[in-house]
Amino acid sequence: MKKKLIVGNWKMNGSLAANEALVQALRAGWPAAADCDVAVAVPSPYLAQVQSLVDASGIALAAQDVSQHDAGAYTGEVSAPMLRDFGVRYVLVGHSERRQLHGEGDAAVAEKAQRALAAGITPIVCVGETLAEREAGQTEAVVRRQLAAVVHRNGRCISEVVVAYEPIWAIGTGHTATPAQAQQVHAALRAQLAAASAHAPAMRLLYGGSMNASNAAQLLAEPDIDGGLVGGASLKAPDFLSIIAAAR
Ligand code: PEP
């Protein structure tokens, strides 16, 4: 039986002191009955610090982005082998903030996933529609297009990928998709993956977008929601711990 996966996305938040306090609070409050995989996606400068803070805790280390290139004249970029050096287990690719604020397109996202896989890091491929796209009835077409690029480029390895459905209108807004809305999209994504891989039923599809301590259990009860990508609530230890406890 696959375990659920809960990933905290710290975004561009934290400091040496705040990171230490947060990870210590997570370790101290870890629910005895927790039965899911957990990772925290931290800003790159803190990878080494958080690598040692989570050591032997069962919390995996994740990065928030990776270069689509392996090495060379790409100032400011961080490569997958560099992430691997710091014990990074997962990396977010195609987060909507990267797509919208940094112009990342589907092809670049697919290349990033490929680089991560080649380095032995699991890419968490983020897909999701804007409010305008949802209102125009384009939700499934948009997420299918975003996922198709990754499937196309990573055909044989696609079962190694984690997918995160994150409706853009739900990220950081407090407007969560209803469990039914999220399940509908997850089922469509699962069907798309099933056409590409016999392992699709075992793949993990996360929901992200204002997941919190109050709504996590209901979302995670849906049959195709295999975990959560959690932004704001992952910065508050009690809230993140409640979500971890709900993931069973
Ligand atoms: C995210 O950043 O991936 C996210 C889901 O954020 P939030 O939980 O704050 O909506």
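Biologist: Which residues have the most contacts inside the largest nonpolar core?

Modeller: In this predicted model, the largest nonpolar core comprises 64 residues. A second, separate core has 14 residues, including V7, A60, C126 and L206. Within the largest core, the residues with the most contacts are I6, L189, L193 and Y207.

Biologist: With which residues is Y207 in contact, leaving aside its neighbours within four places in sequence?

Modeller: Y207 is among the residues with the most contacts inside the largest nonpolar core. Once neighbours within four places in sequence are set aside, its partners are Y165, P167, A170, T176, A177, A182, H186, L219, I225, G227, G228 and L229.

Biologist: Does T122 count as buried or exposed?

Modeller: T122 lies in strand 5, which covers residues 122-127. Beyond four places in sequence, T122 is in contact with R89, Y90, V91, E160 and V162. Because its relative accessibility is 13% and the cut-off is under 20%, T122 counts as buried.

Biologist: What is the handedness of the crossing of helix 7 and helix 8, and which residues of helix 8 make the contact?

Modeller: The crossing is right-handed. Helix 7 contributes T139, E140, V143, R144, L147, A148 and V151 to the contact. By class, the contact has 8 nonpolar, 3 polar and 2 charged residues. From helix 8, the contact is made by Q184, V185, A188, L189, Q192 and L193.

Key:
Residues are numbered from 1 along each chain as its sequence is written. This is a predicted model: local features need pLDDT of at least 70, side-chain atom pairs count only at pLDDT 80 or more; totals for chains, interfaces and linings use all residues. Side-chain values use heavy atoms; hydrogens and water are left out. A nonpolar core is a set of buried Ala, Val, Leu, Ile, Met, Phe, Trp, Tyr and Cys residues joined through side-chain atoms within 4.5 Å. Buried means under 20% relative accessible area, exposed over 50%, partly exposed in between (1.4 Å probe, protein chains only). Contact means heavy atoms within 4.5 Å. Helices (H or I, at least four residues) and strands (E, at least two) are DSSP runs, numbered from the N terminus. A crossing is left-handed if the near helix is turned anticlockwise from the far one by less than a right angle, and right-handed if clockwise. Ala, Val, Leu, Ile, Met, Phe, Trp, Tyr, Cys and Pro count as nonpolar, Asp, Glu, Lys and Arg as charged, and the others, Gly among them, as polar.
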